[in-house]
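Please open the structure in the viewer and follow the selections below in order.

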Amino acid sequence: MDVLFRSPLGALVARSWVDRAGLIGLRRWYFPLSRLWAAANAAGDDIARFRAEIGASLPGSWAQPYLHPLLARNTRLRSAAEAARAAWETAMFGDMAQHHDRLRLLDRERRAAATRHLANRASFYPLLFPRRPPPARWQIDRPDQVQRDLGPAIARPDGLYDVPVDARTISVSKSIVKDGMREYWLRAPTPAARLRERPGSETLYARVVEPADGDAQSTLIFGSGLCLEFELMTLARDPAARLAAQGWRVVEPISPYHGLREMPGRYGGEPFFAAGPTSSIDLIAGQAIESALLVAWCRSRFDGKVALAGISMTSFVAQQVASRCHMWSAAARPDAVMLISHSGRIEEVTFGGELAVALGLDRALAEAGWSREMLAELSRLVDPAKTPSLAPSRIVSVLGETDRWVPYGDGLAVARRWQLPESNIFRYPLGHLGMPVQLTRNTAPFERLRRVLAEA
């Protein structure tokens, strides 16, 4: 994959047309297939429940003789993935000594079983016809309920982030060495109270990847994007491994609702938009608090500076860390932050971002009684502050000029309002999906972040 991204074909992929093609694929295939797959996970062998879990009626032409073997196969794959994960987690975090080769085998088996289960959503393809199911099972909060639950936080947004963190709550797994890299895992109860009420997200997980020779000078906590679950997949080199090869120690947190923190009956990332708006607030605010915990742990464990980066969905997390880190102890504040494919207003992403509109999030919110003005008021909880808590010289911004999924103009407005130095602002003539390819082809933003850390 690295060879492809760095080739002339990679330059073609890192262009704005990819967003248009990607949007069609996501809307027509990925999200509807994922909804069917998640419904099957919740239903097991129960055909009636499967129909109910989809979120819309399934045509009667799909009868029991076809659905039964489809659900049975998915149930077998899900059970195998759950068993492989349980064996891996017990070995990695348990008290019993384990041979290194066995740990590597358990990790491979966990990833392989999870990958087979994830890939099985393709078997539901015939059920897209004659009528596609919705992209999500919508469960939008009522405005009056949100006002009761979050009224005090809306009046004082800092209060949502004013949470103490204790690095001693983090457990460290055994480690695996492969291809010159050491990999191990962190696990802890989430310090974010609202995430403790979200089934599946009660526990924080993060993967650490570092050069096996211990030659990492700086630590980078790097969040991922919506629906990306690299920790479940069998990949030769994922983003964390590529960054570790550049000399970083990478801490890769698993976002709430994703992967190892997936919510029962939902596909990875679905609750972020389908159970909104509080689900998105809980992820952004909760993962910001979890980031403070990870920063504090890194400082207690390693020498050197600690940076935090977020791309797309987790760029909002990183913006909140840059905005609110004055709420935490000095040990829990990063030395620098990098924002990738970020934007300034959740309300604009929701009502103006092409992905949200294609999913129908704007319509689902309107049907539940939300106006754009009401959402703008609520978004104060997760929109970037007028001025950052970190010095502007410690914040790096990376933007795609044709990004309409997370609108570019608002992201640039944040960089200007925060008065970031021009040397800390990177702008590329590409859209949302082209950015990961661009960062593989051109590591200049990460090199700049390294210099910012050296100067911090």
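Begin by selecting F129, which lies in the loop between α6 (100-119) and α7 (143-155); helices are DSSP runs of H or I with at least four residues, strands are runs of E with at least two, and both are numbered from the N terminus. This is a predicted model, in which local features need pLDDT of at least 70, side-chain atom pairs count only at pLDDT 80 or more, and totals for chains, interfaces and linings use all residues. Residues are numbered from 1 along each chain as its sequence is written, and side-chain values use heavy atoms, with hydrogens and water left out.

F129 has a relative accessible area of 35%, and it therefore counts as partly exposed (buried is under 20%, exposed over 50%, partly exposed in between, with a 1.4 Å probe and protein chains only).

Next, select R324, found in helix α12 (residues 313-324). Is this residue buried or exposed? R324 is buried, because its relative accessible area is 7%.

Now display the surroundings of R324. Beyond its neighbours within four places in sequence, its contacts (heavy atoms within 4.5 Å) include P157, Y161, L381 and S389.

Finally, show the whole protein chain, with its 19 helices and ten strands. The C-alpha trace spans about 65 × 60 × 50 Å along its principal axes.
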